Amino acid sequence: MIESLPLFHRIADRPVVVTGSGEAAEAKRRLVERAGGQVVRDLAQGIERGARIAFIAEEDEAVARAAVRQAQAAGLLVNAPDRPLLCDFTVPSLLDRTPVLVAIGTGGASAGLAKQLRLRLEDLLPQSLGVLARSLLAARPALRARFPDPGQRRQALDAALGQGGALDPLAEGGPERVAAWLADADEPEGGRVEIVLRSADPEDLTLREARLLGSADMLLHGADVPAAILDRARADAARGPIGAQTQAAGGLIVVLRMG
């Protein structure tokens, strides 16, 4: 089970409460402004203006606890820096390739660990990643025309964006290849694939098996397949027991059995 649900929240032109006067408060104000939010320094004023998020960065413990209670009572989601037990949400370390954002969180356990992971990923993810995302957005109408079926469209993109694919996001030059790939993209195949699991540990999945789970349009599985394995599949893939009717499923059907 994951301990928190990661979400990306749009705050542009919306009031966000940030209280406190220390460096932690200033860092949160810079973060809010970077995302286009309107910083409100007074909690009561923020509540009156309809703020939905509050950063309570008071250095005094009693003041911080009182402000957190007041904000939560008014229905605001609260982050209190360095006080994870008071937080409704935590702030991840962000890798920015706008519009691609990679958020790394540790549930408040270690900001230093999140930062070091982000720095490692900075070296791996090219600056062109954001341009690739915008190119794919611009190509969406043409992509839908080329692959009207959502399952086929998803499989075509999975193949192109996979390691070594025509639009591999870790390779430079992907944005310039979108139009050429779309013109020559092969028709993806649907069908049915069976995976016989060797263990209940998701780490034992091969790269191919993990890719199939991530691409499946429908997942059929035995009752003894553990949740940890099922969690590796697409969250929006249809699911059912082995033997379920699949005529209307289309796309890629993956059958999971314990060995």
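This is a predicted model: local features need pLDDT of at least 70, side-chain atom pairs count only at pLDDT 80 or more; totals for chains, interfaces and linings use all residues.
One of the pairings joins strand S1 (residues 15-19) to strand S3 (residues 53-56), in the parallel sense and over three bridges. Within this pairing, Val17 has Ala54 in S3 as its bridge partner.

Further along the chain, two more helices pack together. Two packed helices are described by the angle between their axes and the distance between the axes. For helix H5 (residues 129-138) and helix H8 (residues 174-184), the angle is about 25 degrees and the axes are 8 Å apart. Angles under 35 degrees count as roughly parallel, so H5 and H8 are roughly parallel to each other. Their crossing is right-handed. On the H5 side the contact is made by Val131, Leu132, Ser135 and Leu136, and on the H8 side by Gly174, Pro175 and Val178. Sorted by class, this contact of H5 with H8 has five nonpolar residues, two polar ones and no charged ones.

The backbone also has some positions to look at one by one. Most residues other than glycine have a negative phi, and most peptide bonds are trans. The bond that joins Thr98 and Pro99 is a cis peptide bond, with omega at about 5 degrees. Pro99 sits in the loop between strand S5 (93-97) and strand S6 (100-104).

Asp13 has a positive phi, near 65 degrees, although Asp13 is not a glycine. This residue is found in the segment before S1. Exposed means over 50% relative accessible area, and Asp13 counts as exposed because its relative accessibility is 61%.

Asp82 has a positive phi as well, near 70 degrees, again in a residue other than glycine. Asp82 is placed in the loop between S4 and S5. With a relative accessibility of 77%, Asp82 therefore counts as exposed.

How values were computed:
Residues are numbered from 1 along each chain as its sequence is written. Side-chain values use heavy atoms; hydrogens and water are left out. Two strands pair if DSSP finds at least two bridges between them. Helices (H or I, at least four residues) and strands (E, at least two) are DSSP runs, numbered from the N terminus. Axes are lines fitted to C-alpha atoms, for helices over the stretch in contact, and angles run from 0 to 180 degrees between N-to-C directions. Angles under 35 degrees count as roughly parallel, over 145 as roughly antiparallel, 65 to 115 as roughly perpendicular and the rest as oblique. A crossing is left-handed if the near helix is turned anticlockwise from the far one by less than a right angle, and right-handed if clockwise. Contact means heavy atoms within 4.5 Å. Ala, Val, Leu, Ile, Met, Phe, Trp, Tyr, Cys and Pro count as nonpolar, Asp, Glu, Lys and Arg as charged, and the others, Gly among them, as polar. Buried means under 20% relative accessible area, exposed over 50%, partly exposed in between (1.4 Å probe, protein chains only).
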